[in-house]
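Work through the exercises below with the structure open. Each task is followed by a solution in steps.

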Amino acid sequence: MKFKTVLLFGPPGAGKGTQGKVLGSIPNFFHMACGDVFRSLTVDSALGRKFLEYSSKGELVPDEYTVQLWRNSIEKKIQAGQFVPERDTLVLDGLPRSVPQAELLQDALNVQAVFALYCPDRRKLVERLQRRALRDNRLDDASLQVIDHRLRLYEIETEPVLNFYGEDFVHRIDATNPPVVVLHDLLSIVSGRERDPEHELAEVEDH
Ligand code: ADP
C-alpha cells in the first residue's frame with residue numbers, strides 16, 4: 001500500500017520542522033522528520049555512528065541507508081498504531097532529499113502535494129540555525145562551515161527533486177514570513193484539497 005503523503009521541502013532553517021509538527025498535531029495527519037529518525041538512533045548502533053559521521057560534516061547520509069531506516073521506522077509507527085495509513089496523511093519532512101531517494105520511495109509514497117519553503121535571505125537562515133544550535137543542542141548547527149555546506153547541498157542535491165515531482169505538485173511558500181503566516185499558506189492549500197476531492201492530483205507517474 002502506498003501512503004498518502006505531503007512533502008515538506010526547504011533549506012535548513014526554513015522551518016520545515018516547525019510547520020511539520022503543527023500539521024502533524026491535526027487529526028488524521030502524521031508528521032515524520034527524517035532528521036529526527038536519525039537523531040533517535042544511539043551511537044552504539046552502526047547506523048547511529050554512520051549518521052554522526054555524515055551529519056557532523058553536513059553531508060547527506062547515503063541514500064540506501066536513509067530509505068531503509070525510514071522504511072523500518074514507519075513500519076514501527078504503523079505497528080504501534082501511531083500512523084494509520086488507511087486514515088492518515090503522512091507529512092514527510094526532510095525526505096526525499098535527493099533524486100535517487102525520490103526514486104527509491106516511489107513504491108511507498110502516493111505524493112499529493114509538495115511544499116517548498118523558500119527563503120531568499122540566506123542570513124536569516126544562518127541566524128535561525130545558529131540559534132537552534134544551542135536551543136536544540138545541534139552540533140551540525142554550531143559551525144558556519146557546516147551550515148554553509150548544508151545550504152549548498154540543498155541547492156545541488158535536493159532542489160532537483162522538485163522537478164522530479166513536477167510543477168503541478170509543487171507549491172512554493174515564502175518562509176521569511178512569520179510562522180503563523182507560513183502555516184496559513186500551507187493550511188489554505190491542504191484544507192482546499194481536503195474539501196474538494198476533485199482537486200486531488202493524479203499520482204506521480206513512475207519515471
Ligand atoms: P535540517 O533542518 O538542517 O535540514 P535535518 O534534521 O532535516 O536538518 O537533518 C539533519 C541531518 O540528518 C542532515 O544534515 C543529514 O546528515 C541527515 N539527513 C536528514 N535527512 C536526510 C536524508 N533524507 N538523506 C540523507 N541524510 C539526511
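**Exercise 1.** In which loop is Ser98 found? Determine also whether Ser98 is buried or exposed, and which residues Ser98 touches.

Solution. The model is predicted, so local features need pLDDT of at least 70 and side-chain atom pairs count only at pLDDT 80 or more, while totals for chains, interfaces and linings use all residues. Residues are numbered from 1 along each chain as its sequence is written, and side-chain values use heavy atoms, with hydrogens and water left out.

Step 1: Ser98 lies in the loop between β3 and α5 (99–105). Helices (H or I, at least four residues) and strands (E, at least two) are DSSP runs, numbered from the N terminus.

Step 2: the relative accessible area of Ser98 is 2%, so Ser98 is buried. Buried means under 20% relative accessible area, exposed over 50%, and partly exposed in between (1.4 Å probe, protein chains only).

Step 3: leaving aside residues up to four places away in sequence, Ser98 touches Asp63, Glu157 and Val161. Contact means heavy atoms within 4.5 Å.

**Exercise 2.** Find which residues of α1 are buried and what they pack against.

Solution. Step 1: α1 covers residues 16–24, and Lys16, Gln19, Gly20 and Leu23 are buried there.

Step 2: seen down the axis, these residues fall within an arc of 100 degrees, so they line one face of α1. The arc is that of the directions from the helix axis to the C-beta atoms. An α-helix has 3.6 residues a turn, so residues three or four places apart point the same way.

Step 3: the buried residues of α1 pack against the strands β1 (3–9), β2 (29–33), β3 (89–93) and β4 (109–118), and against helix α8 (179–195).

**Exercise 3.** Repeat the analysis for α3: which residues are buried?

Solution. Step 1: in α3 (residues 46–55), the buried residues are Gly48, Phe51, Tyr54 and Ser55.

Step 2: their arc around the axis is only 130 degrees, which puts them on the same side of α3.

Step 3: the buried residues of α3 pack against α2 (34–39) and α7 (144–165).

**Exercise 4.** Why does the radius of gyration agree with a compact globule?

Solution. Step 1: the globule rule is 2.2 Å times the number of residues to the power 0.38, and the radius is taken over C-alpha atoms.

Step 2: for 207 residues a compact globule would have a value near 17 Å, and the protein has 16 Å, which agrees.

Step 3: the C-alpha trace spans about 45 × 35 × 30 Å along its principal axes, and 45% of the 207 residues count as buried.
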